[in-house]
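Reader: I'm new to this one. Could you walk me through it?

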Protein chains: 2
Amino acid sequence: MSGRREEETATPLDQAARAAWLYYVGGATQDQIAAEMGISRQRAQRLVAKAVAEGLIHVRLEHRVSRCMELERALTRKYGLKRARVALSLGKGADPVKAIAPVAAEELERIFATPEPLVVALGTGRTLRAMVEEMRAIDCPQHRIASLNGNMAPDGTASAFDVIMRVADKVRARHYPMPLPLVAATPEERDLFISLPPVVRARALAENADVAFVGVGEMGGEPPLLKDGFLTAEEIGELRAQGAVGEITGWAYDDSGTYLQTGANARIAGVRLERVAEKLIVAIAAGAKKRAAIKAALKGGLVNGLITDEITAEALLS
Amino acid sequence: MSGRREEETATPLDQAARAAWLYYVGGATQDQIAAEMGISRQRAQRLVAKAVAEGLIHVRLEHRVSRCMELERALTRKYGLKRARVALSLGKGADPVKAIAPVAAEELERIFATPEPLVVALGTGRTLRAMVEEMRAIDCPQHRIASLNGNMAPDGTASAFDVIMRVADKVRARHYPMPLPLVAATPEERDLFISLPPVVRARALAENADVAFVGVGEMGGEPPLLKDGFLTAEEIGELRAQGAVGEITGWAYDDSGTYLQTGANARIAGVRLERVAEKLIVAIAAGAKKRAAIKAALKGGLVNGLITDEITAEALLS
DNA sequence: TTAGGTTGCGAATAATTGCTCATATGCGGC
DNA sequence: GCCGCATATGAGCAATTATTCGCAACCTAA
C-alpha cells in the first residue's frame, strides 16, 4: 500500500508518531515508511527524528545488569539505605542525567503502582525534570503529590523546571503546588510566606509525605542555585565559607550532612526534609560535580534512598 | 575512556544490555560503543542486535494519534464496548500482532495499576504471548491471575505459548494455572478433568474474574487450533460446517456470536466466558484473517472490550 | 509591493549500520 | 591427540541513515 492519506485531523506530531512507530516497532526502513505514508524519504527521516526529539519515543532497558546490582547492594550496606538504584553509565563524557532519568522514572512509577494511597513529595531541578519526561502516563488517582518547594523563579514566572504539574498530569493524581519562591528576599519575607494558610497546608502535606524524590545541588563549580539565579555568587561564596557542600530543596548542608543554621538557609521557603524512619527519601543525582554533595547527604542521613549511575556509585564506595 | 573491562560476573546478556543502553539511551554510535567497551565495532553491532532480539529493549510510543482515538470512539459506540484501543497499523504486509502487542501490554499494565485487588483472567495464544513479552515488570501483589484454559499442548508438554506464568513472573502476583489440555479426547474425559478439585477451584476463580484478556482464533485459512494440533482438519471442517467462524479460549461460535452446542465444543476443557455486565472481557486480535471472528464476537457480545489495529478497526466499522 | 528572514524541501554526500563470507577458535567424541 | 562440528570473529561491502547545502515558498514588516 502506498499513499495512504493522513486524515484531516492528523497533526504534525501524529505524523511523526506514525513514522516513528513504523520505524521502531515495525522495523521498517525509511524508504518503506516513505512509501507507506506517501512522502519522500527525507521527510520520513525528519519525522522519525522529530518524534524522538519531542520525546514521543521512550526506550527502556528491561534487564538488570549484575554489576549495577552489586553496586546497589554495596551502597545499601555502606550507607544503610532503604533503596538504591544504579544506572549503567553512558561513558565519562556524557551527561549523567541522561542515564539516571529513565531509571528514576521507573522507580517513581513503581512507587505510584503501590495500591495503598501515598503522599509523594517532589523536589525540583533539572534531574527531576528529566525524570518526569521519561515517565509513562498511567492513572493513579489514589495518591497525592506534594511539592517540597515553590515553583517560582526569581523573576516571578513559573519555573521551567516545574516537576509537579507534569507528574500530576501523567498520573492524574491530586497535586498541591506551592505558590512560593524557592528563596525569599529576607528571612522575614520567608516567615510571612510560610504563614499564609494555603502554604501552611501544602507544607504540612509535604512534611508528612510517605515518599520524597529530590535532587541534590552541588556548591562547587557553578551551583544550580547560582545558575538559575536563586542566589548570587556572593551568597554562594558565603555558604561555601560556612562549609556548605551541597543542597537539597534549597537547604544547604555541610560535609557531615548537617543543615547550616545561617546565611541563605534562613530565607529558604521550601520544606526541609528530616529523615524519619518510616519515610523514604530518595536522592536522584549523579556526576563528578555532585559527588561531595551526595556523599555528605548519605553520611548525614539526609536521605535513605539513592538513584545514581555506575561511575558515581563507584566513587561513593571508594 | 576506553577498555573499561566488564567485571567477572558480566554475562553475555549484561554486555548486550550495556551496548544497547549506550546505543539507544546514550545515542552513541557503534564505534563509540566499541571504544567505550573495548571491543570491535562489529561486536558492538552484534551486541545491540542481540539485546533487541532478546527483548531487552522495549520501545513505547507515548502519543495517542487522533485517527486511532476516532476509531476507538467509533468502535465503542457501534458495539457498545467498555474499552477499545486501536494501534497504529504497521502496513498491509506486516504481522498485526507486532502492532497490537505493545498496546495490549500497555492496557494490561493499566489494569494491574488499579489499586483495588482484582482477579485477572488470561487466555492463551500467540497474540497474548506477544503481549506478555512487551510488558514491563512491576510488582502488583494485590491482584490474582487466573488461567482460562489449560496450558498443556496435545503432546502433554507445557505449551510454548504459556502466558500466565510469564505474566505472574512480571507482576509478582499469585497465579492459578490450570493443569489441563485445551481440548480433551472425549466429552467424558473433559467432564472427568473438570471435576478434579484443583481444576474446579481454578475454573471458579477464572469464571468470577473481574477482567479477562483473550485472543480470538479464526476458523478460515489455517486456524490456530489446527496449527497447534489441538484439533484435526476434519474436526475443524465439522465445526465450520456447523457455522463456526471463530473461537475464544477454544470455544467455537458462529456468525452471530453464539457458542455452538455441538462438535468439539463438548470437549473444550477451558472456561467459556459469559458476558456479565460488571466484567471487562477484552479481545486482543487483528488481521484480515480474524476479521469475521472478531466481528461475530463483538456482535454477539462475547466480549465488551477490544484491542486491535487501524486496518482491522476500519474493516469492523464498514 | 518588496526586501529580509524563516521554514521546509529534495539532492548530494558523508557517516553509520547490517550482512556475507572466509577464517579462526574452541569443544566434545573417538 | 586428532577430527569434525559448532560457534564466534573481523574484513569488506552493500544498504541505510544523517547531515549539509542550495533553492523555493511563505511570512513579516517597511
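Author: To start with the protein pair, the contact takes in 53 residues of chain A and 52 residues of chain B, contact being heavy atoms within 4.5 Å. This is a predicted model, where local features need pLDDT of at least 70, side-chain atom pairs count only at pLDDT 80 or more, and totals for chains, interfaces and linings use all residues. Residues are numbered from 1 along each chain as its sequence is written, chains are lettered from A and ligands numbered from 1 in the order in which they are written, and side-chain values use heavy atoms, with hydrogens and water left out.

Reader: What area do chain B and chain A bury between them?

Author: Buried area is the accessible area (1.4 Å probe) that two parts lose on being put together, summed over both. Here 56% of it is on carbon and sulfur atoms, and the total is about 4800 Å².

Reader: How much space lies in the largest cavity?

Author: On a 1 Å grid over the protein atoms alone, a cavity is a set of points where a 1.4 Å probe fits but cannot get out, and lining residues have an atom within 4 Å of a point. Grid points are joined across faces, edges and corners, and a volume is the space filled by probe spheres set on the points. Both chains line the largest cavity, with Phe112(A) and Phe112(B) among the residues there. Its space is about 140 Å³.

Reader: Which side chain has an N or O atom 2.3 Å from a phosphate oxygen of DNA strand C?

Author: A polar contact is a pair of N or O atoms within 3.5 Å. Tyr23(B) has a side-chain N or O atom 3.4 Å from a phosphate oxygen of DNA strand C, and Gln30(B) brings a backbone N or O atom to 2.7 Å from one. The side chain at 2.3 Å belongs to Gln45(B).

Reader: On DNA strand D, which side chain has an N or O atom 2.4 Å from a base nitrogen?

Author: A phosphate oxygen of DNA strand D is 3.3 Å from a side-chain N or O atom of Tyr23(A), and another such pair, at 2.4 Å, involves Gln45(A). For the base nitrogen, the side chain is that of Gln42(B).

Technical notes
A polar contact is a pair of N or O atoms within 3.5 Å; within protein, one must be able to donate a hydrogen and the other to accept it, and residues adjacent in sequence count only if both atoms are side-chain atoms. On a 1 Å grid over the protein atoms alone, a cavity is a set of points where a 1.4 Å probe fits but cannot get out, and a pocket is an open set with protein on both sides within 12 Å along at least five of seven lines; lining residues have an atom within 4 Å of a point.
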